[in-house]
Amino acid sequence: MSEWDRTVDVIVVGQGIAGSCAALEAKRAGVEVLVLERASGGGGASALSQGIFYLGGGTDVQQACGYEDSPQNMYDFLRASTSHPDDEVIRTFAEGAREHFDWLEKQGVPFTRTGFSGKAVYLQTADCLLTTGNEKIWPFKDMAKPVPRGHQARSDEVNGGLSAMRALLARCEDEGVETVYNAAVTKLETDGTGRVVGVVARIDNAEQRIAARRGVIVATGSFTNNADLVRKWLPLLSDTSSPLGVPSNDGAGLGLVEDAHGQLAAMSGVIATASIYPPEGLVKGIVVNSKGERFVAEDSYHGRLAGFIMEQPDQKAYLIVDSEIFAYPEAESAKHTLIDGYETVTEMAQGLGMPAGTLERTMETYNRDAQNGEDTQFHKQPPWLKPLDKAPYAAFDISFDRSIYNYITLGGIDTDSHSRVLDAAGKPISGLYAAGACAAHIPRDGKEYASGLSLGPGSFFGRVAGREAAAA
Ligand SMILES: Cc1cc2nc3c(=O)[nH]c(=O)nc-3n(C[C@H](O)[C@H](O)[C@H](O)COP(=O)(O)OP(=O)(O)OC[C@H]3O[C@@H](n4cnc5c(N)ncnc54)[C@H](O)[C@@H]3O)c2cc1C
């Protein structure tokens, strides 16, 4: 192997939330850390985000807001609602989440002790705690006690993600974490045994080979902005779907790791959303497909609703309301359009081109169930049940190919509970770690997602990676 330009203990690739947390922990373990960040500053998609961290197990905020949670309860919910194959990953996160909240707060990430009990996608206030997933949805509500776990960093002055990243980047600077910007890692170097021993990076238009004595941590973010990979893995996303992230969320880390024989997982997972709420009263409406049939509990997390809509015939779906709950959807980016108002259900079914009688039957069943306070089909919860019987009626087009569904990819590098990158045989690759959105998420698709399940585990397993690499 030719000579190295430089040698350090740990190299962190990317300075979003996962990379920052990894770098801080590695540095505090007393080893020499170098962060290489391709952009001209740190933050990544993390700084653009709403700043919701999915955390629980009895955090100070949960307690202050009067909720009882435990690591076991959090584990039970995540186990029931996600299909991640490695139980140890879920267990480790659930058991460490409470301490992790304290750690984030100690770094200066601002969280207040107040919550919001309604249904919202995110908050634009100083409040912190909100329900961001499917905790209250059947069947999960019967498998774990529903409690809110979305902890949103203060969002009254700037978006929560920026509040969080400002604090973490300041910490990195204060503690002397060496960071080189405009430094894109283009290759991982391995030795004869397959161990990752360093990187090749393009810095100021020159190539440098930098060795890592203890390990390389890949924290390069999602592949949301890689059109080729998105086309290959997520063919159900429509032309009107819109990626959420920074331009450098192009999956560069996935290619680096694959070349070093790392395995990818859950690549067809995506959280796409064009939420029907706010206002939350719209959740009392029903969502039907082009055959006039319901297919999901409408009070589900917006990513779950979207996951089901994506799979409907022609990806068509309509939100049906009556005059009592009529309101325009407020999520501006969603662009749900009002199709029309109708005096009768039959007129509406004809207007929407549905097979004769189907929408009428759907509404008869739903209205009877709502009257009885029990949704016998999809178990929508009683607070959201009301007969839709006050004409006139209205239909909004929430079809996948008509509204704007913003998406974030969930698939990526296969890792274990120690943030080690796994090869095709499921064995850790020596010297190689990954965390954050470049690694496959705990939720494997939008139906399993809860807001905060990117920043929460991303920051948590970033720290794990930093500690593990430093100790290697
Ligand atoms: C508008 C918006 C709102 C969101 N809201 C939430 C939310 O509230 N809660 C939540 O959990 N998730 C949310 N998400 C998703 C979440 O922000 C991301 O999944 C998460 O921030 C990813 O963190 P990361 O550290 O893995 O990646 P990033 O923060 O994207 O950081 C990766 C960094 O790696 C750098 N990089 C890439 N390639 C290279 C390379 N080859 N060499 C060197 N550096 C490289 C990038 O420039 C970037 O700075 C939101 C996303 C968006 C866009």
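**Helix packing, domain contact and backbone details**

In this predicted model, helix H5 (residues 87-106) packs against helix H12 (residues 455-471) at an angle of about 90°, and their axes lie 9 Å apart. On the H5 side, the contact is made by Val89, Thr92, Phe93, Gly96, Ala97, Glu99, His100, Trp103 and Leu104. H12 brings in Gly456, Pro457, Ser459, Phe460, Phe461 and Arg463. Sorted by kind, the residues of this H5 and H12 contact come out as eight nonpolar, five polar and two charged.

Stepping back to the whole chain, the protein is divided into domain 1 (1-274 + 407-472) and domain 2 (275-397). The centres of the two domains, taken over C-alpha atoms, are separated by 35 Å. Domain 1 puts 25 residues into the contact, and domain 2 puts in 23 residues. The size of an interface is often given as the accessible area lost when the parts come together. Here, domain 1 and domain 2 bury about 2,000 Å² between them, with 61% of it on carbon and sulfur atoms. Within domain 1, the residues that lose the most area to domain 2 are Lys119, Ala274 and Lys447, and together they make up 37% of what that side buries.

Lys447 turns up again among the charged pairs: its side chain meets that of Glu311 in a salt bridge, with 2.8 Å from N to O. The interface of domain 1 and domain 2 has one salt bridge across it. In general, side chains of opposite charge can pair when their charged atoms come close. Over the whole structure, the search finds 30 salt bridges. Another of these pairs is Glu178 with Arg6, whose side chains meet at 2.7 Å, N to O. This pair ties together distant parts of the chain, as Glu178 belongs to strand E6 (residues 178-180) and Arg6 to strand E1 (residues 6-13), 172 residues apart.

Most residues other than glycine have a negative phi, and most peptide bonds are trans. Tyr277 and Pro278, however, are joined by a cis peptide bond, with omega at about -5°. Pro278 is also joined to Pro279 by a cis peptide bond, this time with omega at about 0°. As for where this happens, Pro278 is in the loop between strand E12 (270-273) and strand E13 (286-288), and Pro279 lies in the loop between E12 and E13 too. Elsewhere, Asn205 has a positive phi of about 65°, although it is not a glycine. Asn205 is found in the loop between strand E8 (196-203) and strand E9 (206-218).

Key: Residues are numbered from 1 along each chain as its sequence is written. This is a predicted model: local features need pLDDT of at least 70, side-chain atom pairs count only at pLDDT 80 or more; totals for chains, interfaces and linings use all residues. Side-chain values use heavy atoms; hydrogens and water are left out. Axes are lines fitted to C-alpha atoms, for helices over the stretch in contact, and angles run from 0 to 180 degrees between N-to-C directions. Helices (H or I, at least four residues) and strands (E, at least two) are DSSP runs, numbered from the N terminus. Contact means heavy atoms within 4.5 Å. Ala, Val, Leu, Ile, Met, Phe, Trp, Tyr, Cys and Pro count as nonpolar, Asp, Glu, Lys and Arg as charged, and the others, Gly among them, as polar. Domain bounds come from an automatic or database domain assignment. Buried area is the accessible area (1.4 Å probe) that two parts lose on being put together, summed over both. A salt bridge is a side-chain nitrogen of Lys or Arg within 4 Å of a carboxyl oxygen of Asp or Glu.
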